[in-house]
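Please consider the structure shown below alongside its sequence. The paragraphs after it lead through a few of its local features in turn.

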Amino acid sequence: MIIDDQLWNGEVGDSIRNKFASPVIGLQEEEPLFTLNQYPVKLLEGFMTNSRNIIVVKKEAKTKFYIKPNEYVTPQIAVHISGKTVHEIIDSIEVNAPKIIQEIKKSEIDIFQKRNIRRSLERDKIKSRFNVLINVPDKYKIVLQGKKFLWLKKEITSGNLCLLAYQVPMSSLKDTTNLVNRIVKIRDSIGKKYIHGNKPRTKMITETGFSPYLTKTKIFGKTAYGLKGTWDLSNDFMSGPFINYAIIDETNKRILVLEGFCYAPSKNKRDLMLELESIIKSVQFLKKPENK
């Protein structure tokens, strides 16, 4: 944040923190949407221009709002907000916050995806089973596979990141009156069948104490329903966040489900979940099925 102390410590700063440091949806513990560091405007021409994401807020004679990619360095998202009065600045923040958040998050996902363009054996196995390409980092290894199911895992300090890929019939979401319950039912059935702990009678389920958050979006031009929530291992003490995308693939008469979840009890999880979301959103559907 490039903003002078007087604005940062007043109503403008409160508005900024409310919009850009609000808790991330789907995490058990509160973590901010973005980590905000404040610097005065005089540093705009200094080292701060090298930052990946910059929001410049000024009180000046002309009211302005614009987003300029790669203004000082590449990659970068630079956001400029100014107004003649405090209320004009706050109004601009309130109106434009969703677009700013969307652009910064998209930029972060694009950056992560560009790091993962190397070919891997796991990527080829996903392609052969589901006729899609996904840029999976080479540290993710397949730990369990079925005819139309893959479970990949990356070990991290005191935990792991996991990716699931599986498909279900189109009829599974034919009735859209209660999509949350229907998607939860699907993922719980997969957890019961494939995702078990080390203790007897353990299986991955959707935590009912945290209401999942549903969104409708597009992935590779296809309608997708995204569900964020908390998973739990029944009869055990393991749990963590998940992000699940049910992608409607009408061409192949199926629903392709891509899910990421993590177990990292001693770590902040915002950036871990962003990594998983970035991998999922790299999916590309191939035109001609290779397995018939």
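The model is a predicted one.

Helix H2 covers residues 11–20 and helix H3 covers residues 86–114; their axes come within 10 Å and cross at roughly 15 degrees. Because angles under 35 degrees count as roughly parallel, H2 is described as roughly parallel to H3. The crossing in which H2 passes H3 is right-handed. On the H2 side, the residues that take part are Glu 11, Val 12, Ser 15, Ile 16, Lys 19 and Phe 20, and among their partners in H3 are Val 86, His 87, Ile 93, Ala 97 and Ile 101. Sorted by class, the contact of H2 with H3 contains 10 nonpolar, two polar and three charged residues.

Helix H3 also holds Asp 91. With a relative accessible area of 48%, Asp 91 is partly exposed. Asp 91 and Arg 129 are 38 residues apart along the chain, and their C-alpha atoms are separated by 50 Å.

Attention now moves to two threonines in strands. Thr 206 belongs to strand E8, residues 204–206, whereas Thr 230 belongs to strand E10, residues 222–233. Thr 206 has a relative accessible area of 5% and is therefore buried; Thr 230, at 2% relative accessibility, is likewise counted as buried. Beyond its neighbours within four places in sequence, Thr 206 is in contact with residues including Val 184, Asp 188, Pro 212 and Thr 230. The side chain of Thr 206 is also joined to that of Arg 187 by a polar contact of 2.7 Å. For Thr 230, residues up to four places away in sequence again being left out, the residues touched include Gly 26, Gln 28, Thr 206, Gly 240 and Phe 242.

Most residues other than glycine have a negative phi, and most peptide bonds are trans. In the loop between strand E2 (64–69) and strand E3 (77–83) lies Pro 75, and the peptide bond leading from Thr 74 to Pro 75 is cis, with omega near 0 degrees. Asn 70 is found in the loop between E2 and E3 as well. Its phi is positive, near 55 degrees, and Asn 70 is partly exposed at 39% relative accessibility. Phe 220, in the loop between strand E9 (213–219) and E10, has a positive phi near 55 degrees. With a relative accessible area of 45%, Phe 220 is partly exposed.

Terms used
Residues are numbered from 1 along each chain as its sequence is written. This is a predicted model: local features need pLDDT of at least 70, side-chain atom pairs count only at pLDDT 80 or more; totals for chains, interfaces and linings use all residues. Side-chain values use heavy atoms; hydrogens and water are left out. Axes are lines fitted to C-alpha atoms, for helices over the stretch in contact, and angles run from 0 to 180 degrees between N-to-C directions. Helices (H or I, at least four residues) and strands (E, at least two) are DSSP runs, numbered from the N terminus. Angles under 35 degrees count as roughly parallel, over 145 as roughly antiparallel, 65 to 115 as roughly perpendicular and the rest as oblique. A crossing is left-handed if the near helix is turned anticlockwise from the far one by less than a right angle, and right-handed if clockwise. Contact means heavy atoms within 4.5 Å. Ala, Val, Leu, Ile, Met, Phe, Trp, Tyr, Cys and Pro count as nonpolar, Asp, Glu, Lys and Arg as charged, and the others, Gly among them, as polar. Buried means under 20% relative accessible area, exposed over 50%, partly exposed in between (1.4 Å probe, protein chains only). A polar contact is a pair of N or O atoms within 3.5 Å; within protein, one must be able to donate a hydrogen and the other to accept it, and residues adjacent in sequence count only if both atoms are side-chain atoms.
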